[in-house]
Amino acid sequence: MNSRDAILARLAANRRELPLPEPWQTRRNYDDLADQFTRALTAVLGEVRRAQSMDEAWQLVGELIEELNAQKIVVNGERPLTDFDFPHQWSQIDWHIVGKSEGNLRQFCASADLGISGAEAALAETGSIIVTSGPTQSRLATLLPPVHLALVPTSILTTDLFTWTATHPKTMPANLVLVSGPSKTADIEQTMAVGVHGPKRFIVILYQDD
């Protein structure tokens, strides 16, 4: 028996079955997840606009587009965004729908005024959203434009990251990112700079859904 086999044999001899831990039970208790999410995100320089319905959410999207005077907008091809015909509603704007529009996505995102996405989940504790990537969901859409807008239904709110992972399928996507406010960095003197490495504004439209 060589050294490798001897080590593996000792490890196998000492192997023992251990019980799995109990399912995660959150220690957080919030009276209203939407209110807590709003407070947490606002505290880290994010913005939340509340809507009572999907129709009202689309209205807020239009108001924001006008407020920003956005001329180029990239949209991730995910629900609920795929339920709305952006190019038809605002025909004067140059649109790129990820997974649908032709052209160089990276170049478009680099010059876009606004990137719009959905979310996989929203965490009330930290005011974070979880975004994933795929053929119709690009991180470029949420990273390169100076403003990132996310449409988030209240049904995907949960208390914290551990609670979400405890109930999420074991297979995770190749890319999963937590967005907690606009891009921020600080130097050794703790001087905060916003928008250096990503969007300088992060806006969530939190809408009531069924």
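Analyst: A definition comes in handy before we start: two strands count as paired if DSSP finds at least two bridges between them. With that in mind, and remembering that this is a predicted model, we can look at strand E6, which pairs with strand E9 (residues 176-179) in the antiparallel sense over 4 bridges.

User: Which residue stands opposite Ile129 there?
Analyst: Opposite Ile129 stands Val179, which belongs to E9.

User: And how many bridges join E5 to E6?
Analyst: Strand E5 (residues 121-123) is joined to E6 by 3 bridges, and these two strands run antiparallel, with Leu123 standing opposite Ser128 of E6. E5 and E6 form a hairpin that has 4 residues between the strands, and in its turn Gly127 has a positive phi of about 70°.

User: Changing topic, where does Pro21 lie?
Analyst: Pro21 lies in the loop between helix H1 (3-13) and helix H2 (33-43).

User: Buried or exposed, that Pro21?
Analyst: Pro21 has a relative accessible area of 70%, and since exposed means over 50%, Pro21 is exposed.

User: What separates the C-alpha atoms of Pro21 and Val74?
Analyst: A distance of 43 Å separates the C-alpha atoms of Pro21 and Val74, which are 53 residues apart along the chain.

Terms used:
Residues are numbered from 1 along each chain as its sequence is written. This is a predicted model: local features need pLDDT of at least 70, side-chain atom pairs count only at pLDDT 80 or more; totals for chains, interfaces and linings use all residues. Side-chain values use heavy atoms; hydrogens and water are left out. Buried means under 20% relative accessible area, exposed over 50%, partly exposed in between (1.4 Å probe, protein chains only).
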